[in-house]
Amino acid sequence: MEFVLALAIVVLVAWFVTAPLRERESAEPEDPAIAELADLEARKSAKYRQIRDAEADHAAGKLTDGDFQRLDRELRGEAIDILKKIDRLKPREPAE
């Protein structure tokens, strides 16, 4: 009797744990452009966070002026590249 109860508990736990996997399989396949856009948005947020961190480090004296300028230029250039890619992927809204 204890074995059957333990087996039932294990089956129920496995069922709940694998529910997200089963749901994902049954969902429609995601459009690659939407997935790429989501990835770019995440990269944009991360890049903005890096820029803010560099500014905070410079203000705290952890980065010299020269190091900050080099890092800031590099990070902002990468952010601009990401923004350009996002602009190319986003659908254009009609002008009113």
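This is a short chat about a predicted model of a protein.

Q: How much of the protein is buried?
A: Of its 96 residues, 11% count as buried.

Q: What share of the contacts comes from residues 24 or more positions apart?
A: They account for 67% of the contacts with a separation of 6 or more.

Q: Let's go inside. Which residues make up the largest nonpolar core?
A: I51, A54, F68, L75 and A79 do, 5 residues in all.

Q: Which elements give two or more residues to this core?
A: Helices α3 and α4 do. The largest share, 3 residues, comes from α4.

Q: Pick F68. What does F68 touch?
A: F68 touches A54, E55, H58 and L63, leaving aside residues up to four places away in sequence. A54 is also a member of the core.

Q: Tell me about α4. How many residues does α4 have, and how far does it reach?
A: Helix α4 has 25 residues. From first C-alpha to last, α4 reaches 36 Å, close to the 36 Å expected at 1.5 Å a residue.

Q: Which residues of α4 are buried?
A: F68, D72, L75, A79, I82 and I86 are.

Q: What do they pack against?
A: The buried residues of α4 pack against α3.

Q: D72 is in that list. Why does D72 count as buried?
A: D72 has a relative accessible area of 14%, and buried means under 20%.

Q: Which residue does D72 meet in a salt bridge?
A: R76 is the partner, at 2.8 Å from N to O. Both lie in α4, 4 residues apart, which is about one turn of the helix. R76 is partly exposed, with a relative accessible area of 36%.

Q: Which residue does R70 form a salt bridge with?
A: R70 pairs with E74, and the closest N and O atoms are 3.8 Å apart. These two also both lie in α4, 4 residues apart.

Q: How accessible are R70 and E74?
A: R70 counts as partly exposed at 45% relative accessibility. E74 counts as partly exposed too, at 40%.

Q: How many salt bridges does the structure hold?
A: It holds 6 salt bridges.

Q: What about E41 and K90? How do their side chains meet?
A: They meet in a salt bridge, 3.8 Å from N to O. E41 lies in helix α3 and K90 in the segment after α4, so the pair ties together parts that are 49 residues apart in sequence.

Q: Are those two buried or partly exposed?
A: E41 is partly exposed at 24% relative accessibility. K90 is partly exposed as well, with a relative accessible area of 40%.

Q: Which residues are linked with them in a network?
A: K44 is. E41, K44 and K90 are linked in a network of salt bridges.

Q: Back to α3. Where does K47 lie?
A: K47 lies in helix α3, which covers residues 32-59.

Q: Is K47 buried or exposed?
A: K47 is buried, with a relative accessible area of 13%.

Q: What does K47 touch?
A: Leaving out residues up to four places away in sequence, K47 touches L75, E78, A79 and I82. L75 and A79 are core members. I82 is one of the buried residues of α4.

Q: New topic: α1. How many of its residues are buried?
A: The count is 0 among its 16 residues, so α1 is hardly covered.

Q: How far apart are the end C-alpha atoms of α1?
A: They are 22 Å apart, which agrees with the 22 Å that its 16 residues should span at 1.5 Å a residue.

Q: Where is L7 found?
A: L7 is in helix α1, residues 2-17. L7 is partly exposed, with a relative accessible area of 45%.

Q: Which residues make the nonpolar surface patch?
A: F3, V4, L7 and V11 make it. The patch is about 420 Å².

Definitions and conventions: Residues numbered from 1 in each chain as written. Predicted model: local features only at pLDDT ≥ 70, side-chain atom pairs only at ≥ 80, totals over all residues. Heavy atoms only, no water. Buried < 20%, exposed > 50% of the residue type's maximum accessible area, 1.4 Å probe, protein only. Contact = heavy atoms within 4.5 Å. Core = buried A, V, L, I, M, F, W, Y, C linked by side-chain atoms within 4.5 Å. Expected span 1.5 Å × (residues − 1). Patch = residues over 30% accessible without salt bridge, like charges linked within 9 Å, V, L, I, M, F, W, Y side chains within 5 Å. Areas by Shrake-Rupley, 256 points an atom, 1.4 Å probe, with all protein chains shown as cover. Salt bridge = Lys/Arg side-chain N within 4 Å of Asp/Glu carboxyl O.
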